[in-house]
Amino acid sequence: MTIPRYTAIKEHIIRRVDTALWKAGDRVPSENELAAEFSVSRMTARRALAELGEQGVLVRTQGLGSFVADARPMSSMLQIHSIDSEINARGNQHSAEVLTLEEIKADNSSAGLLGVSNNELIFHSILLHSENGKPLQYEERYVNPRFGPEYLDQDFTAITPSTFLSGISPLTEASQAIEAVCVNAGVADVLQISINEPCLKLSRRTWCKRGIVTIATLIYPGSRYRLGGHLNF
């Protein structure tokens, strides 16, 4: 059975993307170039590019052309979402491993950021979040017990710390900072990456009406994750 010509063009492009001959950001041939190569009308070539754009394979920019889309998952810099909801929204499976869950004394740094006294008891957790079994986020968190007294009793393989805390102390404010970093050998081993691989580090502090709830450090392998957003003016 003969396949439609626009489908042949789509499969041609997808094969080159899947085999990494064309990488994220690479410009693909124009409508005119594809029309000449496949001996079809420009309208047929345009349909192929348009459908690949709708499917997220390509990004089309007026006046510039079509480019291979970045397939890495992207989180918004403008909103706060729990990592499990992000992963589930992509149709993938979230899993979490609890590496540390304990009560500790606040040091100068954590006490200042949480707004508690030095040596006051606070909660500390470290989790590894994975998408379809591949490590995606290393999460280290300090929590003010006043706003999450049952934090240490939770099963964080079933509910994320973010979901639990926002449920009992609804967030009213947040601050975030993003850096490009290399991590130490311990974190690299947990994330199953080379110690030389660049990572995204997101430092977040959140408030409820009564005070600072938590400070969190979220680390993502740069090759598996990206941050972005869209503003309307």
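Modeller: Terms before we start: a nonpolar core is a set of buried Ala, Val, Leu, Ile, Met, Phe, Trp, Tyr and Cys residues joined through side-chain atoms within 4.5 Å, where buried means under 20% relative accessible area, exposed over 50%, and partly exposed in between (1.4 Å probe, protein chains only). This is a predicted model, in which local features need pLDDT of at least 70, side-chain atom pairs count only at pLDDT 80 or more, and totals for chains, interfaces and linings use all residues. Residues are numbered from 1 along each chain as its sequence is written, and side-chain values use heavy atoms, with hydrogens and water left out.

Biologist: Let's take L34: buried or exposed?

Modeller: L34 sits in helix α2. Leaving aside neighbours within four places in sequence, L34 is in contact (heavy atoms within 4.5 Å) with I9, I13, P29, S39, V40, A45 and L49. Its relative accessible area is 0%, so L34 counts as buried.

Biologist: And how far apart in space are L34 and A45, C-alpha to C-alpha?

Modeller: A45 is among the residues that L34 touches. The two are 11 residues apart in sequence, and their C-alpha atoms are separated by 6.0 Å.

Biologist: At what angle do α2 and α3 pack?

Modeller: Two packed helices are described by the angle between their axes and the distance between the axes. Axes are lines fitted to C-alpha atoms, for helices over the stretch in contact, and angles run from 0 to 180 degrees between N-to-C directions. For α2 (residues 31–38) and α3 (residues 42–54), the axes are 8 Å apart and the angle is about 115°.

Biologist: How do the residues of that contact divide into nonpolar, polar and charged?

Modeller: The contact is made by E31, N32, L34 and A35 of α2 and R42, A45, R46 and L49 of α3. Ala, Val, Leu, Ile, Met, Phe, Trp, Tyr, Cys and Pro count as nonpolar, Asp, Glu, Lys and Arg as charged, and the others, Gly among them, as polar. So defined, the contact divides into four nonpolar, one polar and three charged.

Biologist: Over to the sheet: what is the order of the six strands?

Modeller: Two strands pair if DSSP finds at least two bridges between them. The edge strands, each pairing on one side only, are β4 (94–105) and β7 (173–181), and the twist averages 15° from one strand to the next. The sheet is open and antiparallel, and its order is β4-β5-β6-β9-β8-β7.

Biologist: Which residue in the turn of the β5 and β6 hairpin has a positive phi?

Modeller: β5 (residues 121–131) runs antiparallel to β6, and nine bridges join them, with S125 partnered by R141. The hairpin has two residues between its strands. A positive phi of about 50°, in a residue that is not a glycine, belongs to N132.

Biologist: What is the bridge partner of V143 in β9?

Modeller: β6 (residues 134–143) is mostly covered, with seven of its 10 residues buried. Six bridges join β6 to the antiparallel strand β9 (residues 211–221). In β9, V143 is partnered by T214.

Biologist: Which strands does helix α6 lie across?

Modeller: This helix covers residues 161–168 and runs at about 40° to β6.

Biologist: S110, then: which residues is S110 in contact with, leaving aside neighbours within four places in sequence?

Modeller: S110 is part of helix α5 (residues 108–114). At 6% relative accessibility, S110 is buried. Its contacts are I122, Y142 and I215.

Biologist: Last one: is Q192 buried or exposed?

Modeller: Q192 lies in the loop between α7 (185–191) and β8 (199–208). Its phi is near 60°, a positive value in a residue other than glycine. With a relative accessible area of 57%, Q192 is exposed.

Note on methods
Helix = DSSP H or I, 4+ residues; strand = E, 2+ residues; numbered from the N terminus.
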